[in-house]
Amino acid sequence: MTIPPPAEAFPAAEKSKRPGTTWQIVAWSLWDWGGAAFNAVMTTFIFTALYLTGDAFGGPDRASAVLGLTTALGGVAIALLAPVTGQRTDHSGRRKLWLGINTLIVALLTGACFFVQPHESYLLLGCLLIAAGHVFFEIAGVNYNAMLLQISTKSTIGKISGFGWAAGYLGGIVALLFVYFALVKPDVGIFGITSADGMTYRAVAVFSALWIIVFAIPVMFAIPEAPRNPNMPKIGFFRAYLELWHTIVRLGRTSRHTLFFLIASAVFRDGLAAIFTFGALIAVGTFGFKPGDVLIFAIAGNVVAAIGALSAGFFDDKVGPKAVIVTSLVGLIVSATALFFLEGKTAFWIFGLLLTLFVGPAQSSARTFIGRLAPEGQEGELFGLYATTGRAVSFLAPALFTLFITQFGSQRWGILGIVVVLVIGLALLLPVKKPELHTAGR
């Protein structure tokens, strides 16, 4: 890998860069809208929370522990695969192609959840399919994030990134509403589907797969393929890991704060992911939420998260991404700690919504932090390293979530495991130098 030169070396590139059209920005954001079917419907609020961790699969404590373990293993797989897939994509100039391929794989894995029948013997299959979906969704996200720099400039990257995250949250609302009123709530849903043999939730998997595919199509037509960087030769599987190590070493010598941010973001982003992965499970298993409660909270939470992401975009372009991330992490730590000590649905409504308010800004500004460091022509490379380091510790939050549950015998203690990860991430972020807005390469 080649280390990107300082962002200040690209002022001319930034001045000549044309911003994306409105249609390109909307099409790009629709991928996030479609991805909400996997993130919100499958892994957060419906399939895992109401079906996979239900009594038919052994109860919430055991199912949560198995889901945490498989998610941790999926994180290890991402850490091992991202260097190879990311580098090959960057070097080949086929960013859009591999975004499409990996998105299709996510959709197929999601659809395969239809075969998870309501019996404890199918728990591992369901958890493995969800974990594998996370692997390919993250790899697709490398290409998707790099596309952000094709449609934004240094003065708009925050707003466009926030718009993309907001689209994901709003897409989650629409998908959740359809799933609930067409499949989950009625005794007989569309096409005569009933709850017999878990068919309600198995049909949700099919719907989610189709939703992902449909809303991934616009970006494939609206945004042109990124040109190949001729200075990046093709590399083999094992060579990719050697190059990754060389890159990290050179970053430590020439751009330490970039390396420091990659390490810090790897930790706190894992905590953010855990909030969405296990949040609804905690609502049901610890705070006594019913299916209808979960849906109403999901809708309210996505609205609040969208507001947070849009607001983050504005502040990101004004005061920089670091201030947004630090503020968000502090808010998350306080809110999650309060949930650990408090009881009842009202407490979860108050502090759970605060969690959703702060998650979006932290996610969006972490992406723009890297975007402001990425020079012209090497966007995918730096985002590939961002994904690689991010998933290198992606087992941490699921592992601590599982460890705290198994050690203390209650799902509630899993909250504290997530808080520990967020605190470590914040501590690592504080010494990192923020990118200068007026000299950013993008």
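Analyst: Start with F287, which counts as buried at 6% relative accessibility. Buried means under 20% relative accessible area, exposed over 50%, and partly exposed in between, with a 1.4 Å probe and protein chains only. F348 is buried too, with a relative accessible area of 6%.

This is a predicted model: local features need pLDDT of at least 70, side-chain atom pairs count only at pLDDT 80 or more, and totals for chains, interfaces and linings use all residues. Residues are numbered from 1 along each chain as its sequence is written, and side-chain values use heavy atoms, with hydrogens and water left out.

Now the rings. Rings of Phe, Tyr and Trp (its six-membered ring) pair if their centres lie within 6.5 Å; planes under 30 degrees apart count as stacked, over 60 as edge-to-face and the rest as tilted. The count comes to 26 aromatic pairs. In one of them, F287 and F348 have ring centres 5.1 Å apart and planes at 50°, so the pair is tilted. F287 lies in the loop between helix 10 and helix 11 (291-319), and F348 in helix 13 (residues 345-373), so the pair ties together parts 61 residues apart in sequence. Helices here are DSSP runs (H or I, at least four residues), numbered from the N terminus.

F348 also pairs with F289: edge-to-face, 5.1 Å centre to centre, 65° between the planes. F289 lies in the loop between helix 10 and helix 11 and F348 in helix 13, so this pair ties together parts 59 residues apart in sequence. F289 is buried, at 4% relative accessible area.

Terms used:
Helix = DSSP H or I, 4+ residues; strand = E, 2+ residues; numbered from the N terminus.
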